[in-house]
Amino acid sequence: MASRNAPVGPSPFAVEAPPLLREKFVDPHVTAKGEARATVPLVRLETLWLNTGTLCNLACATCYIESSPTNDALVYLTLADATTFLDEAHGFGTREIGFTGGEPFMNPEILPMLDAALSRGFEVLVLTNAMRPMRRHEEALLALREAYGDRLTLRVSLDHHTKPMHEAERGLRSWDPAMEGLVWLSENGFSIAVAGRLLPHEDEQTARDGYAKLFADRGIAIDARDPARLVLFPEMDATRDIAEITTDCWDILGKSSAEVMCATSRMVVHRKGESAPRVAACTLLPYEAGFDMGATLAEAAGDIALNHPHCARFCVLGGASCSA
């Protein structure tokens, strides 16, 4: 079944770079130039992500996790499985539980999972497109907001501050339902955020100005200057060239390994065909065997070799994180 919203052209956000050299990101220990590859230790498990499954009501032009109405490469996570990891996360002092997909509200057990996380005292962040799957749960969401207040945050994916660019990525008839869902969340007092993207050659200030006008025009209670409330993500494309990150890069870039997303987070995934969920190094690499960390959070506490283009483009050079 193809999505009725499926875009018909290439993504307007596509990475502009030459093809990736085949010899890059091959050896987890050394780069193509023979330099020591950078690694990242788990400093603390600040955020545990639960991937609810890859099924989504949309099929975007580019989706790093390949979500669509037909892709069940990551099957639905169950409440029982989620509870096991939530209980283990308590021992790590985890602050935040993130729910991602796919579209989390397509998972039939999403509401019990949200309640399980919130009732255990975690802060909860849900990534959603705010369309029909979410709107079917309005009454239950209002009850969660009443019970737990701002410990529940919904981050809405709004790829651009203009309808044509958003729909070029997400397909026709995807803008209005997303905006209506975002307005509903704002009018009902939810803690909300927006995740957006930059077009090639669009600078961050221009984008924030565009979103600020949109939010003001629609009465949406988000400060577009706040990077936690309007998150602008760098693009990812594993087929486009990018520098490998060496141990020397920390000093060259003036950065620390502790700033990278995998220093403070892990993601639970249930891959189709596997008997139980596993823990991946981060939200960006659910399928890569080299980033499978084990069956428990304890097993997943080891160092991560930055051996993928996403590590470089999104995390280190892009300075981005999926967490709040």
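Let me begin with a term: a residue counts as buried under 20% relative accessible area, as exposed over 50%, and as partly exposed in between. E123, at 34% relative accessibility, therefore counts as partly exposed. Please keep in mind that this is a predicted model.

E123 forms a salt bridge with R95, with the closest N and O atoms 2.9 Å apart. This pair links distant parts of the chain, since E123 lies in strand β4 and R95 in the loop between α1 and β3, 28 residues apart. R95 is partly exposed as well, at 26%. Both residues belong to a network of salt bridges that also holds R44, E46 and E96.

The count of salt bridges comes to 21. Another one joins R120 and D87, at 2.8 Å from N to O. Here R120 sits in the loop between α2 and β4, while D87 is in helix α1, 33 residues apart. K163 and D176 also meet in a salt bridge, at 3.6 Å, and this pair connects helix α5 with helix α6.

The structure holds one cavity of 30 Å³ or more, and the largest cavity has a volume of about 80 Å³. Of its 13 lining residues, the closest to the centre are C262, C282, L285, C311 and C315. By class, the lining has 12 nonpolar residues, one polar and no charged ones. Helix α9 gives the most to this lining, with three residues.

Finally, the surface. I252, L253 and L317 form a nonpolar patch there, with about 280 Å² of accessible area together. L317 is found in the segment after α9.

Definitions and conventions: Residues are numbered from 1 along each chain as its sequence is written. This is a predicted model: local features need pLDDT of at least 70, side-chain atom pairs count only at pLDDT 80 or more; totals for chains, interfaces and linings use all residues. Side-chain values use heavy atoms; hydrogens and water are left out. Patches are made of residues with over 30% relative accessible area and no salt bridge: like charges are joined within 9 Å, nonpolar side chains (Val, Leu, Ile, Met, Phe, Trp, Tyr) within 5 Å. Accessible areas come from the Shrake-Rupley method with a 1.4 Å probe; for residues, only the protein chains shown count as cover. A salt bridge is a side-chain nitrogen of Lys or Arg within 4 Å of a carboxyl oxygen of Asp or Glu. Helices (H or I, at least four residues) and strands (E, at least two) are DSSP runs, numbered from the N terminus. On a 1 Å grid over the protein atoms alone, a cavity is a set of points where a 1.4 Å probe fits but cannot get out, and a pocket is an open set with protein on both sides within 12 Å along at least five of seven lines; lining residues have an atom within 4 Å of a point. Grid points are joined across faces, edges and corners, and a volume is the space filled by probe spheres set on the points. Ala, Val, Leu, Ile, Met, Phe, Trp, Tyr, Cys and Pro count as nonpolar, Asp, Glu, Lys and Arg as charged, and the others, Gly among them, as polar. Buried means under 20% relative accessible area, exposed over 50%, partly exposed in between (1.4 Å probe, protein chains only).
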